[in-house]
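Subject: Structure handover

Hello,

Here is the structure for you to look over.

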Amino acid sequence: VETKLQKLCIQLKEEVEVQIKRLRNGSEDHERDPRIRETLDHLLHLKQHPLHVASNVSVVSSAEELQGIEGLRSKLSLLVEKESELFPSLRRTLPKTWSLMEGEIEAQRTSPKIYITWEDCTQLGQNAGLDG
């Protein structure tokens with residue numbers, strides 16, 4: 001399985017290179033057409049941030065016993081510690097208003113409604129100190 005994943009990652013990297021060359025060499029359309037420019041930008045991002053695939057797999061059950069969940073948690077914790085470059089946003093400090101917004105949303109879970117309207121979400125954001 002690991003060898004197949006490695007081969008797929010290499011193939012994906014090669015395909016990204018081919019597509020970048022195709023878009024750049026095809027014509028000057030990539031400078032005029034915003035869709036082509038967007039695709040090219042996305043491919044360049046993929047080239048700079050290649051796909052990383054975790055090779056070890058944890059078997060878990062969503063049944064009532066939740067077998068394997070503790071093992072999965074342990075493996076994830078270890079992975080985060082060892083390979084922090086896989087999680088670039090993990091240690092990022094979030095603005096206080098974001099955590100306040102999360103609290104506002106969590107408080108809505110007690111509501112009998114199973115959804116939040118756009119207007120309600122906007123109001124919750126204002127309550128948390130967000131604007132725009």
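Below are the notes, from the whole chain down to single residues.

**Ground rules**

This is a predicted model, where local features need pLDDT of at least 70, side-chain atom pairs count only at pLDDT 80 or more, and totals for chains, interfaces and linings use all residues. Residues are numbered from 1 along each chain as its sequence is written, and side-chain values use heavy atoms, with hydrogens and water left out.

**Overall fold**

The chain has 6 helices and 0 strands. Both are DSSP runs, numbered from the N terminus: helices are H or I with at least four residues, strands are E with at least two. In sequence order the pattern reads α-α-α-α-α-α. The chain is more spread out than a compact globule, because its radius of gyration is 22 Å, well over the 14 Å that the globule rule gives for 132 residues. That radius is taken over C-alpha atoms, and the rule is 2.2 Å times the number of residues to the power 0.38. The C-alpha trace spans about 55 × 45 × 30 Å along its principal axes.

Burial comes next. Of the 132 residues, 10% count as buried. The classes are buried under 20% relative accessible area, exposed over 50%, and partly exposed in between (1.4 Å probe, protein chains only). The accessible surface comes to about 11,400 Å², with 55% of it belonging to carbon and sulfur atoms. Areas come from the Shrake-Rupley method with a 1.4 Å probe; for residues, only the protein chains shown count as cover.

On contacts (heavy atoms within 4.5 Å): among those with a separation of 6 or more, 36% are between residues 24 or more positions apart.

**Charges and salt bridges**

The chain carries 18 positive and 22 negative charges, and their mean positions are 6 Å apart. Lys and Arg count as positive, Asp and Glu as negative; His and the chain ends are not counted. Each charge is placed at NZ of Lys, CZ of Arg, CG of Asp or CD of Glu.

Side chains of opposite charge can pair when their charged atoms come close. How many salt bridges does a search of the whole structure find? It finds 4. The criterion is a side-chain nitrogen of Lys or Arg within 4 Å of a carboxyl oxygen of Asp or Glu. Three of them, including their distances, follow:

- Glu17 and Lys47 pair at 3.3 Å, N to O. Glu17 lies in helix H1 (residues 2-26) and Lys47 in helix H3 (residues 34-48), so this bridge ties together parts that are 30 residues apart in sequence. Glu17 is partly exposed at 25% relative accessibility, and Lys47 is partly exposed at 45%.
- Arg73 and Glu70 pair with their closest N and O atoms 2.8 Å apart. The two are 3 residues apart in helix H4 (residues 69-82), separated by about one helical turn. Glu70 counts as exposed, at 53%.
- Arg109 and Glu106 pair at 3.1 Å, N to O. Arg109 is exposed at 63%; Glu106 is partly exposed at 40%.

**Individual residues**

Two sit in loops. Ile116 is in the loop between helix H5 (96-107) and helix H6 (118-127). Ile116 is partly exposed, at 37% relative accessibility. Leaving aside neighbours within four places in sequence, Ile116 contacts Ile105, Gln108, Cys121 and Leu124. From Ile116 to Lys21 is 95 residues in sequence and 45 Å in space, C-alpha to C-alpha.

Val60 is in the loop between H3 and H4. Val60 is partly exposed at 39%. Val60 and Arg35 are 25 residues apart along the chain, with C-alpha atoms separated by 41 Å.

Two sit in helices. Leu12 is in helix H1 and is partly exposed at 38%. Leu12 and Leu51 are 39 residues apart in sequence and 8.4 Å apart in space, C-alpha to C-alpha.

Trp98 is in helix H5. Trp98 is partly exposed, with a relative accessible area of 43%. Which residues does Trp98 touch, not counting residues up to four places away in sequence? They are Arg92 and Leu130. Trp98 and Leu130 are 32 residues apart in sequence, and their C-alpha atoms are 8.1 Å apart.

Best regards
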